[in-house]
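Open the model in your viewer and keep the selection tool ready. Each stop below tells you what to pick and what to look for there.

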Amino acid sequence: MIELYNGYAIDIDDMNVTLGKKSVRKSGARSGEITLRSCSYFNTVGKALDWFHELMIREALRGDEMITLKEAIAVTHEVN
């Protein structure tokens, strides 16, 4: 598993590259196991990283406050 930031991680298996938010199982036989939730599946690590970058931009721009295009562009440069 590749740990990113903001709680995200990438997991790789024989079939998929999975991007999601890390979660720890709280109970049951697999208690304490780290899993991914709110997952997206990709066929390459590069595509998963591209989507993660897009998610970080969306999170940075999300909100009720109106901003200018100039401010939005500045936010996207900060994420890069």
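**Stop 1: a bridge within a helix**

Select Arg 58 and Glu 54. Their side chains meet in a salt bridge, 3.2 Å from N to O. A salt bridge here is a side-chain nitrogen of Lys or Arg within 4 Å of a carboxyl oxygen of Asp or Glu. Arg 58 and Glu 54 both sit in helix α1 (residues 45–61), four residues apart, about one turn of the helix. Helices (H or I, at least four residues) and strands (E, at least two) are DSSP runs, numbered from the N terminus. Arg 58 has 43% relative accessibility and counts as partly exposed. Glu 54, at 31%, is also partly exposed. Buried means under 20% relative accessible area, exposed means over 50%, and partly exposed lies in between (1.4 Å probe, protein chains only).

Before moving on, note that this is a predicted model: local features need pLDDT of at least 70, side-chain atom pairs count only at pLDDT 80 or more, and totals for chains, interfaces and linings use all residues. Residues are numbered from 1 along each chain as its sequence is written, and side-chain values use heavy atoms, with hydrogens and water left out.

**Stop 2: the other salt bridges**

The structure holds three salt bridges. Pick Lys 22 and Glu 3 next. Their side chains meet in a salt bridge at 3.3 Å, N to O. This pair links distant parts of the chain: Lys 22 is in strand β3 (residues 17–24) and Glu 3 in strand β1 (residues 2–3), 19 residues apart. Is Glu 3 buried or exposed? Glu 3 counts as exposed, at 58% relative accessibility. Lys 22 is partly exposed, at 30%.

Now select Arg 25 and Glu 33. They form a salt bridge of 3.9 Å, N to O. Arg 25 is partly exposed at 35% relative accessibility, and Glu 33 is partly exposed at 31%.

**Stop 3: the sheet**

Switch to cartoon view. Four strands form an open sheet in the order β1-β2-β3-β4, and the pairing is antiparallel. Two strands pair if DSSP finds at least two bridges between them. β1 and β4 (34–42) stand at the edges with a single partner strand each, so one side of each has no neighbour in the sheet.

Follow the strands one at a time. β1 and β2 run antiparallel and are joined by two bridges. They form a hairpin with four residues between them. Select Asn 6 in that turn: its phi is positive, about 60°. Ile 2 stands opposite Ile 10 in β2.

Go on to β3. A hairpin of four residues joins β2 to β3. How many bridges pair β2 and β3? There are five, in the antiparallel sense. Ile 10 stands opposite Leu 19 in β3. Asp 11 stands opposite Thr 18 in β3.

**Stop 4**

Rings of Phe, Tyr and Trp (its six-membered ring) pair if their centres lie within 6.5 Å; planes under 30 degrees apart count as stacked, over 60 as edge-to-face and the rest as tilted.

The whole structure has two aromatic pairs. Tyr 5 and Phe 52 form an edge-to-face pair, 5.2 Å centre to centre with 75° between the planes. Tyr 5 lies in the loop between β1 and β2 (8–12), Phe 52 in helix α1, 47 residues apart. Tyr 5 is partly exposed at 45%, whereas Phe 52 is buried at 6%. Tyr 8 and Phe 52 have ring centres 5.5 Å apart and planes at 65°, so this pair is edge-to-face. Tyr 8 lies in strand β2 and Phe 52 in helix α1, so the pair ties together parts 44 residues apart in sequence.

**Stop 5: the core**

Keep Tyr 8 and Phe 52 selected. Both are buried. Both belong to the largest nonpolar core, which has eleven residues, including Ile 10, Leu 19, Leu 55 and Val 79. A nonpolar core is a set of buried Ala, Val, Leu, Ile, Met, Phe, Trp, Tyr and Cys residues joined through side-chain atoms within 4.5 Å. β2, β3 and α1 are the elements that give two or more residues to this core. Five residues, the largest share, come from α1.
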